[in-house]
Amino acid sequence: MVGIPGSLTFDEYGRPFIIIRDQEKQNRLTGNDAIKQHIMAGRQIANTLRSSLGPKGLDKMMVSSDGDVTVTNDGATILKMMDVDHEIAKLMVQLSQSQDDEIGDGTTGVVVLAGALLEQAEQLLDKGIHPIRIADGFELAAQFAVKHLETISDSFPVDANNLEPLVRTAMTTLGSKIVNKCHRQMAEIAVNAVMAVADMEKRDVNFELIKMEGKVGGRLEDTMLVKGVIVDKDFSHPQMPKVLRDVKLAILTCPFEPPKPKTKHKLDVTSVDDYKELRKYEVETFLKMVQQVKDAGATLAICQWGFDDEANHLLLQKELPAVRWVGGPEIELIAIATGGRIVPRFEELTPEKLGHAGLVRELCFGTTKERMLVIEECKNSRAVTIFIRGGNKMIVEEAKRSLHDALCVVRNLVQDNRVVYGGGAAEISCAIAVSQEADKISTLEQYAFRAFADALEMIPLSLAENSGLSNMETLTEVKARQVKEKNPALGIDCMLKGTADMKTQHVIETLHSKKQQIVLATQMVKMILKIDDIRSHAEH
């Protein structure tokens with residue numbers, strides 16, 4: 001018999017009933033009370049993010065339990081660092097994370113939209129409409145909105161010779177970020193990085209070939225794109241040359257040290273002669289290793305492991321520059337960039353396994369003694385590094401996150417080159433279309449359609465509010481113009497440029513991102529509306 005969560009007993013008529021165990025230790029909410037509690041939790045999370053939406057959105061400062069400070073307005077990062085306990089709040093965090101994983105941009109917008117849908121659902125529940133009917137109505141409205149987005153989208157050719165449309169789209173993404181003072185430069189870096197590694201035939205971008213390296217110091221304007229690899233290491237000996245040309249690289253994962261037996265061993269040195277013999281063996285082993293690298297024709301050794309001062313001195317004597325303690329991912333990237341093979345044993349090193357680079361140089365920074373190596377003019381120019389500078393660690397980290405968003409947007413355009421216009425223009429156009437469709441529906445779902453249209457308007461409302469404009473007035477004006485002029489590119493003039501036409505302002509978003517936002521937010525709200533019973537252990 002299947003175990004039951006309590007004891008089975010019978011009333012005076014012999015009818016069985018179950019007395020549930022530990023009932024007094026459990027909290028229970030059912031029906032609309034449960035749904036409303038969930039809606040409240042979801043709305044609170046959405047309201048936290050609302051003020052960071054758009055180009056004039058404000059940043060949030062997150063302080064972790066060990067005192068690390070992060071300043072960001074990236075929705076996914078804010079939610080990831082928020083310490084939330086409520087189950088539905090955790091779902092909102094996962095919602096922004098899935099948008100970030102799939103698209104890389106629009107993480108704030110998707111949470112704000114989900115919050116607005118929950119708010120509208122609460123009003124419909126108060127009218128007495130069943131939650132399942134609301135959920136189904138939202139699903140139908142979302143499908144209609146996605147179809148409408150496809151009708152108002154534009155496409156532009158992704159052409160390596162004309163990168164301007166891509167740069168403008170990347171600039172839209174970076175508009176709300178901390179890096180917007182060197183707006184165009186960052187957008188161009190993102191576009192050039194993606195185009196350098198993009199496979200235009202397969203319409204695919206391998207992000208593993210794009211490495212981001214940050215260094216505190218300098219200005220954001222000093223950020224640059226290097227067609228090669230930057231390694232946060234320097235040459236192992238200070239007297240080694242700082243610039244090498246036409247370099248042949250030996251990429252080694254074996255250490256420069258005498259071999260050790262794999263078994264537990266003990267060596268007794270009983271006399272001076274024994275010690276001298278041991279020293280002689282060590283020196284001979286080092287010389288043999290260095291000679292094997294030289295014989296293969298290598299002019300630079302990149303080693304995953306360290307080596308002691310004696311090996312370092314021998315390398316200098318033999319005029320073989322070396323770099324030690326290079327991490328695994330960096331070694332792989334160097335191998336891809338230079339066309340070399342990673343060699344696990346010195347005996348296996350042959351001239352065919354060497355990598356080639358036109359220039360290897362050491363970068364110095366200001367008055368500090370910190371140095372980095374730049375490997376440029378590589379055989380395979382598809383591996384690139386974005387080198388980010390900034391006044392402090394927080395700016396460098398935020399610039400990394402911002403550039404990641406821009407890279408994702410450009411990648412999405414390479415995969416699907418259809419776009420819609422930003423500034424809330426696409427949402428307003430969808431809201432108008434959905435509310436017109438609601439008039440044609442005779443069933444109860446028409447209420448859900450109208451509520452969905454109102455929820456979509458939350459994005460332009462928040463944009464107007466964050467830009468210091470009168471939100472309802474601005475939205476009403478733009479909506480009326482869209483209906484009158486039948487122009488789906490009219491949005492909120494956040495930057496106060498004097499025109500509401502986002503096509504003229506070049507505020508562009510990818511169609512894929514916008515569709516994903518609507519679909520994900522609707523799925524999330526449907527799931528919340530279907531939960532009508534919560535059981536949890538009571539807090540003592």
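How much space lies in the largest pocket? The answer is about 830 Å³. Before I go further, please note that this is a predicted model, in which local features need pLDDT of at least 70 and side-chain atom pairs count only at pLDDT 80 or more, while totals for chains, interfaces and linings use all residues. Residues are numbered from 1 along each chain as its sequence is written, and side-chain values use heavy atoms, with hydrogens and water left out.

On a 1 Å grid over the protein atoms alone, a pocket is an open set of points with protein on both sides within 12 Å along at least five of seven lines; a cavity is a set where a 1.4 Å probe fits but cannot get out; and lining residues have an atom within 4 Å of a point. Points are joined across faces, edges and corners, and a volume is the space filled by probe spheres set on them.

The largest pocket is lined by 45 residues, and Pro55, Thr172, Thr173, Ser176 and Val507 lie nearest its centre. By class, this lining has 12 nonpolar, 23 polar and 10 charged residues (nonpolar: Ala, Val, Leu, Ile, Met, Phe, Trp, Tyr, Cys and Pro; charged: Asp, Glu, Lys and Arg; polar: the others, Gly among them). Helix α6 (164–174) gives the most, with five residues. Elements that each supply at least two residues include α4, α7 (183–197), β20 (508–510) and α17. Helices (H or I, at least four residues) and strands (E, at least two) are DSSP runs, numbered from the N terminus.

Helix α17 spans residues 511–529 and holds Lys514. Lys514 is buried, with a relative accessible area of 4% (buried is under 20%, exposed over 50%, partly exposed in between, with a 1.4 Å probe and protein chains only). Beyond four places in sequence, Lys514 touches Leu149, Val420, Ala426, Glu427 and Glu509, contact meaning heavy atoms within 4.5 Å. With Glu509, the Lys514 side chain also forms a side-chain polar contact of 3.1 Å. Such a contact is a pair of N or O atoms within 3.5 Å; within protein, one must be able to donate a hydrogen and the other to accept it, and residues adjacent in sequence count only if both atoms are side-chain atoms.

Strand β20 belongs to an open, antiparallel sheet of three strands in the order β6-β19-β20. Its edge strands are β6 (154–155) and β20, each pairing on one side only. Two strands pair if DSSP finds at least two bridges between them; β6 and β19 (residues 418–421) have two. Across that pairing, Asp154 stands opposite Val419.

Helices α1 (31–50) and α4 (107–126) are the elements that give two or more residues to its lining. By class, four lining residues are nonpolar, two polar and three charged.

Which residues does Arg50 contact, leaving aside its neighbours within four places in sequence? They are Val112, Met458, Ser462, Glu465 and Asn466. Arg50 is found in helix α1, is among the residues lining the cavity, and counts as partly exposed at 21% relative accessibility. Its side chain makes a polar contact of 2.8 Å with that of Glu465. Arg50 and Gly109 are 59 residues apart in sequence, yet 8.2 Å apart in space, C-alpha to C-alpha.
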